[in-house]
Amino acid sequence: MSGRLLRSGGVLAKERLWLRSRRTRARMVHTVVYTLIVLGAVVVFFPFYWQVSTSLKAPADVFRWPPLWIPIPPHPENYLEVASVVPLGLYVRNSLIISSLVIAGALLSCSLAAYGFARLRFPGREAIFLVLISPMILPWAVYMVPQFVLFQKLGWYNSYYPLIVPAFFGSPFHIFLLRQFLLGIPLELEDAARIDGAGFLGTYARIILPLAKPALATVAIFTFMGAWNDFFGPLVYVSDQRLFTLPLGLAFFQGSPRSTIQIHLLMATSVIIAIPCILVYFFAQRLFIQGIVFTGLKG
Amino acid sequence: MAIRSSGTVTRRVSLRKREALAGYMFIAPAVVGFVVFVAGPIVASLVFSLTEFRLIVPPRWTGLANYGTLVRDPLFWQSLNVTIRYALAALPLGLVCSLALAVLMNQKVRGIAFWRTVYYLPAVISGVAVAVLWTWILNPEFGLLNVLLRYVGVKGPHWLGNTRTALPSLVLIGLWGVGGNMVIYLAGLQGIPTELYEAAEIDGAGSTSRFTHITLPMLSPIIFFNLVMGLIGVFQFFTEPFVMTRGGPENSTLTYMLYLYRNAFSYFRMGYASALAWVFFVMVFLLTLAVFRSSPLWVYYEARGGR
C-alpha cells in the first residue's frame, strides 16, 4: 500500500519536476514522513494497549477468538484481585525501601566524588577519575561471582545490604554525569564562599549541591529506574519470598503454573510495575532526556 | 587563587595540601567502592577461576583445569554461539533502527513532541515487565501477534517454543526499545549546524549525499558511544531469556550470561563460573578495544577550541 503510493509519487515527481514548485514536493515528502511516523507509533504503542486491555478483561475474555479488542465492560477490580494472589503490597513496600535507600546513597556518594574531581586539585586526579569510571565499559559479569562470595561471607545473603550498600560507594556513570555538570558551573560563587571562610565541606553543601539540583534530580531519576526495575540483584541475593521486590515477584508469578490462566492478573501486575516509571518519565521528561543526552554527547 | 594565597610560600603549600587532602576525602567513598566491589573482585575472580570452589567448602587449587573443562563443554560453545548470533542481529539492527527513527523524529511535523514520547515510552519500562508482556504477545494461541496474523489467514508459529524462532523473537523485543538510543541520536542531529546543510545544498548535493557526507560523519561520535555501550549490553543479555524461555527450547536462547548465572547461582560452581567470566571479560575487552582502535578510521571529531 505505502509502497505503491511511494512509487506513483516518484513517477509523478519525475514527470512534473519542473512544473511543481518546491513547496508542493516538500508537502508530499511531509505527508509520507507523517504517515510513517503515525504508523510506526501505532505499532510501538499497540503492545501497551494490549497489556492494559488484557489487564481489564474478565478471565474468560482473555482467551477468545475473535479477540475482545476493547474490554467492555472493563474489570478494574482485577487490580484489587492481584493482591489476593500475590502479596502485592509487600512487594511494593520492599521495592520502595530499596529504591529510596539506593537513591539516597547514589546522590550522596556520587556528588561527593564529583565535587572532588571537578573542583579540588590533588595529585593523580585525572588518572584516578579514569580508573574509577572504567566500569562503565566493563562487563559486571566479571566481578559478580566474587562480589557474591564477599557478601555471602559477610552474612548479607538474603538481605537488602548487597543491593543498598554499594550505592553508598559511588557509581561510575553518575559520578561522570555530575562531574560533567559541575565543570560547566562558573567558579566565582565558590570563590566568594571560600573568601567568606567556608571550608570545602561547607562549599559543597551550601554552594555546590543547590547549584547541581537539576543534575542531582537526573541522577535520582536514573537511579530510581535502575533500582525499581532491577532484576538480577534481587534474583541473586534474595531468596525469602517476604523480601521479594516487584520485578522478582512478577517473574515468580510468571513462572508459576497459575500464571497461564491468570494472564489478566499478570498483565495488571506488569502495569503496576510500569506506572511509576511512566509517571516519572512524564513529570520529569526534560531532566530525563537531558541526562541521557548529556552522557551520550559528552561521553 | 593567586591573589588569596599572596602570603608566605609555606602558607600556599599548606593550602594546596589541605585542598589535596580534602579532594582525597571527597572521592574516598567512591575509591573504596571501586576497590572493594570492582577491582578486588576482578582479581579474586581470576584466582577463583583456577580453583574448584563450591561455596560451602574452601576453594581447592586446580590450576587451569576449569579452562580445560570449558573448552570441552558443549554448553559453553552453545551459549557463546547464541550470544554472538544475538549480538550480530541485535546490535546492527538496533543501531540502524534508532538512527532511522531519530532522522524521522527530526522532521518538522505537527505534534512531534508527542510522537517522540510515544517512541520513547518502551525504553522507560524495562526488564521483567517487558519480558512478561512480550511472553503474552507471543503466546501461540491468543497472543497479539498470532491473533493479527490469523486475521490475514496466517497461522503464526509458537514463537518462543520453536528453536528457529525463539532467538529472533528476543531480537524483535529488543527493537521495541530503540527509543532510548533514538533520543541520543536526535540530540546529535539537532546539534549539527544548519549552515553545513545549506552550503552542501548550494554545492548541489542531494539528500542522500547530504546524509552520508554531513549527517553520518557528524553523528559518528554518538554512533561510537552507542556501539560501545550496546556491545556490552547485548553480550550481557539476561533478563528476557531468563524470564521468557529459561534458555530453551533446546538451549536455543541460552545466552552466555544465563549459562554463567546457572553455574554460579544454581549449581554453585563458583570456580567454573569465574573461568567463564574471565573468558567473557577477555572477549568483550578485545571487541571493545577493536572498536576503539578502529575509531580513527570512521569517527569524526570536530576540533574543539578552549579547555
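1. Burial in chain B. In this predicted model, 38% of the 307 residues of chain B count as buried. The secondary structure of chain B comes to 13 helices and two strands.

2. Overall shape of chain B. The radius of gyration of chain B is 26 Å, whereas a compact globule of 307 residues would have one near 19 Å. Along the principal axes, the C-alpha atoms of chain B fill a box of roughly 85 × 70 × 35 Å. Take the contacts in chain B between residues at least 6 apart in sequence: 67% of them join residues at least 24 apart.

3. Chain A has 16 helices and zero strands. Buried residues make up 42% of its 299 residues. The radius of gyration of chain A is 26 Å; for a compact globule of 299 residues, a value near 19 Å would apply. The C-alpha trace of chain A spans about 70 × 65 × 35 Å along its principal axes. Of the contacts in chain A between residues at least 6 apart in sequence, 75% join residues at least 24 apart.

4. Where the chains meet. Chain B puts 69 residues in contact with 70 residues of chain A. On the chain B side, helix α1 (residues 9–48) of chain B gives the largest share, 20 residues. What is the make-up of that side of chain B, by nonpolar, polar and charged residues? The side of chain B that touches chain A has 56 nonpolar residues, twelve polar and one charged.

5. The nonpolar core. The largest nonpolar core has 155 residues. Leu260(B) and Phe280(B) have the most contacts inside this core. Helix α5 (residues 88–119) of chain A gives the most to the core, with 14 residues. Look next at Leu260(B). Leaving aside neighbours within four places in sequence, Leu260(B) is in contact with Ala141(A), Ala273(B), Leu276(B), Ala277(B) and Phe280(B).

6. Domains of chain B. Chain B is divided into domain 1 (9–61) and domain 2 (74–298). The C-alpha centres of these two domains of chain B lie 34 Å apart. Their contact takes ten residues from domain 1 of chain B and eight residues from domain 2 of chain B. On the domain 1 side, α1 and β1 (51–52) of chain B each supply at least two residues. α1(B) gives the most to that side, with three residues. The side of domain 1 of chain B that touches domain 2 of chain B holds five nonpolar, three polar and two charged residues. Helix α1 of chain B therefore has a place in two of these points: it also gives the largest share of the side of chain B that touches chain A.

7. Domains of chain A. The domain assignment of chain A gives domain 1 (2–80) and domain 2 (83–298). Their C-alpha centres lie 36 Å apart. The contact takes ten residues from domain 1 of chain A and eight residues from domain 2 of chain A. Which elements of chain A give two or more residues to the side of domain 1 that touches domain 2? They are α2 (22–55), α3 (59–62) and α4 (77–85) of chain A. α2(A) gives the most, with four residues. By class, this side of domain 1 of chain A has five nonpolar, four polar and one charged residues.

8. A helix to check. Helix α12 (residues 213–229) of chain A has 17 residues. At 1.5 Å a residue, α12(A) should span 24 Å, and its end C-alpha atoms are 24 Å apart, so the two values agree. Buried residues of α12(A) include Ala215(A), Leu216(A), Val219(A), Phe222(A) and Trp228(A). Thr218(A), Thr223(A) and Asn229(A) of α12(A) are buried too.

9. A loop residue. Ser134(A) is found in the loop between α6 (125–133) and α7 (141–153) of chain A. Is Ser134(A) buried, exposed or partly exposed? Ser134(A) is partly exposed, because 13 other C-beta atoms lie within 10 Å; a residue counts as buried at 20 or more and as exposed at 12 or fewer. Ser134(A) and Val271(A) are 137 residues apart in sequence. In space, the C-alpha atoms of Ser134(A) and Val271(A) are 35 Å apart.

Note on methods. Residues are numbered from 1 along each chain as its sequence is written. Chains are lettered from A and ligands numbered from 1 in the order in which they are written. This is a predicted model: local features need pLDDT of at least 70, side-chain atom pairs count only at pLDDT 80 or more; totals for chains, interfaces and linings use all residues. The radius of gyration is taken over C-alpha atoms; the globule rule is 2.2 Å times the number of residues to the power 0.38. Two residues are in contact if their C-beta atoms, placed from the backbone, lie within 7 Å. Ala, Val, Leu, Ile, Met, Phe, Trp, Tyr, Cys and Pro count as nonpolar, Asp, Glu, Lys and Arg as charged, and the others, Gly among them, as polar. Domain bounds come from an automatic or database domain assignment. A nonpolar core is a set of buried Ala, Val, Leu, Ile, Met, Phe, Trp, Tyr and Cys residues joined through C-beta atoms within 7 Å. The expected span of a helix is 1.5 Å times one less than its number of residues.
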